[in-house]
Amino acid sequence: MANEKQKTYWSKVGGPKWVGLGGAMEARLAPVSDLLIQHAALQPGETVLDIGCGAGLTSLAAAQAVGPNGHVLGVDISDTMLEAARALGTQANTANLTLTLGDAQTDEFSPPANVLISRFGVMFFEDPIAAFANLRRSTAPGARMVLTAWAPLSANEHWRKPLELVETLVGPGAPRIPHAPGPLAFDEPDYVSTLLREAGWQNGTVRAVEVNLHGVSLDEEARVACFMGPSGALLEEKQASPEQREAARQAIRAALPSYTTTTPDGGVHLPATLHLITATAS
Ligand SMILES: C[S@@+](CC[C@H](N)C(=O)[O-])C[C@H]1O[C@@H](n2cnc3c(N)ncnc32)[C@H](O)[C@@H]1O
């Protein structure tokens with residue numbers, strides 16, 4: 001089966017970490033959902049497909065935007081993420097939202113969507129051209145697609161700085177394979193435009209947009225950077241000892257004020273850059 005590695009990762013490793021943060025990731029990425037929903041310009045009655053819907057926040061926001069005569073289908077490959085999404089859907093009691101376990105690269109979705117959205121759910125496909133060709137077949141002619149993906153590490157200090165600090169403690173990780181499935185797979189605009197064209201999408205655009213992510217606190221940011229994001233992945237790859245992890249946490253905590261700002265409520269703004277990707281179905 002395609003994407004077996006990602007299914008296992010998001011069900012058994014990444015998903016439990018994400019969901020275990022109890023809504024902190026959703027709060028962190030709230031400015032990105034706002035951007036996504038705004039650019040999708042959803043209209044009452046539209047049919048939306050949310051790819052890699054995760055814990056369901058963007059699907060729910062879309063369901064509210066399209067109203068009772070519209071419909072949103074959120075799809076995710078991870079049972080852990082989907083379980084969290086279903087809990088949210090039940091709580092919201094929204095009849096126009098369906099959440100389904102599936103692989104966006106291979107599964108068929110119906111009815112055909114007018115709009116395809118995704119917040120950071122499209123960078124994990126083993127075969128992105130096959131995936132986007134498949135998704136195009138699940139959309140109505142002329143459907144629009146609005147996605148976000150991460151811009152390069154060099155434009156994302158909130159990941160780059162902790163990674164550098166961890167590298168000084170445990171050494172560099174294995175060289176990154178360009179475009180390999182993962183958070184940074186879509187960091188090159190030309191690569192993304194080309195693959196969308198090859199998958200049959202038209203008018204593809206990739207624009208870098210700066211946002212402020214919302215962190216809970218400086219202490220929590222330092223803790224989270226030791227098990228999530230590129231710094232967390234490197235500590236995992238190197239099987240860092242508890243002492244190395246604690247040294248990493250302290251180094252990241254000390255550096256955080258140099259690249260973030262704190263808010264009056266003790267929260268943290270982390271400047272970040274994403275790629276806003278749009279295209280239309282032929
Ligand atoms: C970084 S998370 C983003 C989750 C959600 N969109 C959000 O913004 O909170 C990436 C999500 O994509 C899902 N995913 C990865 N590969 C997928 C695939 N082939 N089909 C469907 N979902 C996939 C993962 O399970 C995970 O929930």
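Mentor: The lining of the largest cavity divides into five nonpolar, two polar and three charged residues, where Ala, Val, Leu, Ile, Met, Phe, Trp, Tyr, Cys and Pro count as nonpolar, Asp, Glu, Lys and Arg as charged, and the others, Gly among them, as polar. This is a predicted model, in which local features need pLDDT of at least 70 and side-chain atom pairs pLDDT 80 or more, while totals for chains, interfaces and linings use all residues. Residues are numbered from 1 along each chain, and side-chain values use heavy atoms, without hydrogens or water.

The residues that line the largest cavity are Leu-21, Ala-24, Met-25, Arg-28, His-214, Gly-215, Val-216, Glu-220, Glu-221 and Val-224 (a cavity is a set of points on a 1 Å grid over the protein atoms alone where a 1.4 Å probe fits but cannot get out, and lining residues have an atom within 4 Å of a point). Two or more of these lining residues come from each of α2 (24–28), β6 (201–215) and α9 (218–224) (DSSP runs numbered from the N terminus, helices being H or I of at least four residues and strands E of at least two). The largest cavity holds about 60 Å³ of space (the space filled by probe spheres set on the points, which are joined across faces, edges and corners).

Helix α7 makes the contact through Lys-161, Pro-162, Leu-165, Val-166, Leu-169 and Val-170, and α11 through Gln-244, Ala-247, Ala-248, Ala-251, Ile-252 and Ala-255 (heavy atoms within 4.5 Å). By class, the residues of this contact are ten nonpolar, one polar and one charged.

Two backbone details complete the picture. The peptide bond from Ser-110 to Pro-111 is cis, with omega near 0°, and Pro-111 sits in the loop between β3 (97–101) and β4 (113–119). Ala-41, although not a glycine, has a positive phi of about 45°, and Ala-41 lies in the loop between α3 (30–40) and β1 (47–51).

Key
1 Å grid on protein atoms, 1.4 Å probe; cavity = no way out; pocket = protein on both sides within 12 Å on 5 of 7 lines; lining within 4 Å.
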